[in-house]
Amino acid sequence: MGLTAVGLGSGLDINGIVSALVNAEKAPKEASLNLKEANVQSEISAIGSIKSAMSSFQDSLEKLSSADEFDKRKVSLSQADYLTATADKDAVTGSYNVQVEQLAESQKVGSGSVADVTAALGAGSLTLDVGGESFDIAVEATDSMQDIMKKINDADDNTGITATIVTDDTGSRLVMTSDETGTANNISVTSSGDAGLTTVFDATSEIQAAKDSIVYIDGLKVTSSSNTVDKAIQGVSLDLKKAEVGETTKVTISNDTAAVKKNVEAFVEAYNEMMTTVSDLSGYNAETKTAGALQGDALPRSIQSQMRSLIGSTYDTSDGAKSLSMFGVSTDRYGKLEIDEDKLDAALKNDATSVMELFTTEDTGLAAKLDTTLEAYVQSGGIIEGRDTSLQNQLERITDERTSLATRMKSYEDRLYKQFNAMDAAVASLNSQSADLASRFEALPGFTRKTS
């Protein structure tokens, strides 16, 4: 370290001079490194944005890769009071007149009544059967009706009975309800043991009869143990809500082109977002007079070229080679996709199979081709990750250059201090010699100092 104050010999501000010279040498090199680092950071950010946009577009392809997504059915009802309905791809389009005559119900049985639900009923056992499957409840001498209710509900081998206590004018009863509806799930209760227990449970009687649901589909009677009727119409599930003789609900099954159209719209939106991101980061904005971080870079040009080529290509279908534009999805002069609503609606209505095959054909369909191309960029170890690794290496080299620059500047500073200190010492020595000579002259006889 050199002097930390004004030079003792020369009176010069050596610290200030050295600092100014070092900064003059260092500043342009630091500015260059800062600019390089900022550019690399911008490229890293831009590469990340492109990868994110491409991943989002790739995600949008999932619903266009499966034939099931193009083969959906929708259900409409003439009224909503009596049933709801769903349909899968196996359902045949058409209409059905459905009348709900009777809803399915669970059987309920009630034990004999007791005055005190907490009083012990005596020891013994109960065997409860529902739908032909039974389980046993061991009753302790101190167990009350409440205890028995809890044992039934908590039994691990309970085959489908829920117990509760209902109190009416005659006392409290243990009411047992089948968990499943229909006449096939009737309950039976048998008891053995102390008289107090058997008296209560041998008096078990039916409170509510089990019923099967009854519906008429186009005049044909269908009976079901539950209120969900699955197999009466192929691919259609009816959930019955209310029964009323004479009330007809028209159930209409049709192709769900709206769902397919929504997926196509999402595909177009994701594609345009991706291409906008790529374009913005690689182009020049004349209004702001700023260039994108990847202007002139080959990576975005490659992405744009590949995507446009795939979008504009034809793909084999059972009706010949087809392209997206034939179904109302075309490219505008900016390279973005746009939808002709009428043309797409007509294609989904009249040529849905070709639309499905264009997108979903395994390996050779549009979705598969796009996915393969995108995967090459966004996958782990892919093109973008390789580019990112290269940029990270550049950052590391810039860090090394900063370290090297700091070392060189320290050496330069030390050399300057050494030179200025030597100069300061020489000036101090000359000043000392000058003062000594002046003193000697003043001591000579007859020497008189000239005064001004």
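The stops below cover the core, the salt bridges, the surface patches and some individual residues.

**Before selecting**

The model is predicted: local features require pLDDT of at least 70, side-chain atom pairs count only at pLDDT 80 or more, and totals for chains, interfaces and linings use all residues. Residues are numbered from 1 along each chain as its sequence is written, and side-chain values use heavy atoms, with hydrogens and water left out.

**Stop 1: the largest nonpolar core**

Select M54, F57, F267, M274, M307, F359 and L370. Among the 58 residues of the largest nonpolar core, these touch the most other members. A nonpolar core is here a set of buried Ala, Val, Leu, Ile, Met, Phe, Trp, Tyr and Cys residues joined through side-chain atoms within 4.5 Å. Buried denotes under 20% relative accessible area, exposed over 50%, and partly exposed the range in between, with a 1.4 Å probe and protein chains only.

Next, colour the elements that give two or more residues to this core: α1 (14-60), α4 (257-282), α5 (298-312), α6 (341-350), α7 (352-360), α8 and α9 (383-443). The largest contribution comes from α1, with 12 residues. Helices (H or I, at least four residues) and strands (E, at least two) are DSSP runs, numbered from the N terminus. As general background, nonpolar side chains tend to be buried together in soluble globular proteins.

**Stop 2: salt bridges**

A salt bridge is counted when a side-chain nitrogen of Lys or Arg is within 4 Å of a carboxyl oxygen of Asp or Glu. By this rule there are 17 salt bridges. In general, side chains of opposite charge can pair when their charged atoms come close.

Select K261 and D345. Their closest N and O atoms are 3.0 Å apart, in a salt bridge. This pair links distant parts of the chain, since K261 belongs to helix α4 and D345 to helix α6, 84 residues apart. K261 counts as buried because its relative accessibility is 15%, whereas D345, at 34%, counts as partly exposed.

Move to D319 and K322, which form a salt bridge with 3.1 Å between the closest N and O atoms.

Then select E69 and K72, whose side chains meet in a salt bridge (3.1 Å, N to O). K72 has 34% relative accessibility and therefore counts as partly exposed. Finally, select E43, D297 and R387 together: these residues are linked in a network of salt bridges.

**Stop 3: surface patches**

Patches are made of residues with over 30% relative accessible area and no salt bridge; like charges are joined within 9 Å, and nonpolar side chains (Val, Leu, Ile, Met, Phe, Trp, Tyr) within 5 Å. Accessible areas come from the Shrake-Rupley method with a 1.4 Å probe, and for residues only the protein chains shown count as cover.

Show the surface and select D59, E62, D371 and E375, which form a negative patch. D371 is located in helix α8 (residues 366-378) and is partly exposed, at 31% relative accessibility.

Select L437, F441 and L444 next. Together they form a nonpolar surface patch with about 290 Å² of accessible area. L437 is part of helix α9, and its relative accessibility of 47% makes L437 partly exposed.

**Stop 4: positive phi values**

Most residues other than glycine have a negative phi. Select D218, in the loop between β11 (213-217) and β12 (220-224); its phi is near 50°, a positive value in a residue other than glycine. D218 is partly exposed, at 44% relative accessibility.

A second case is D363, in the loop between α7 and α8, where phi is near 70°. D363 counts as exposed because its relative accessible area is 58%.

**Stop 5: two distances**

Select D424 in helix α9, which is buried at 6% relative accessible area. How far apart in space are D424 and Y96, C-alpha to C-alpha? The distance is 110 Å, for residues 328 apart in sequence.

Conclude with A209, in the loop between β10 (205-208) and β11.

Technical notes:
Lys and Arg count as positive and Asp and Glu as negative; His and the chain ends are not counted. The place of a charge is taken as NZ of Lys, CZ of Arg, CG of Asp or CD of Glu.
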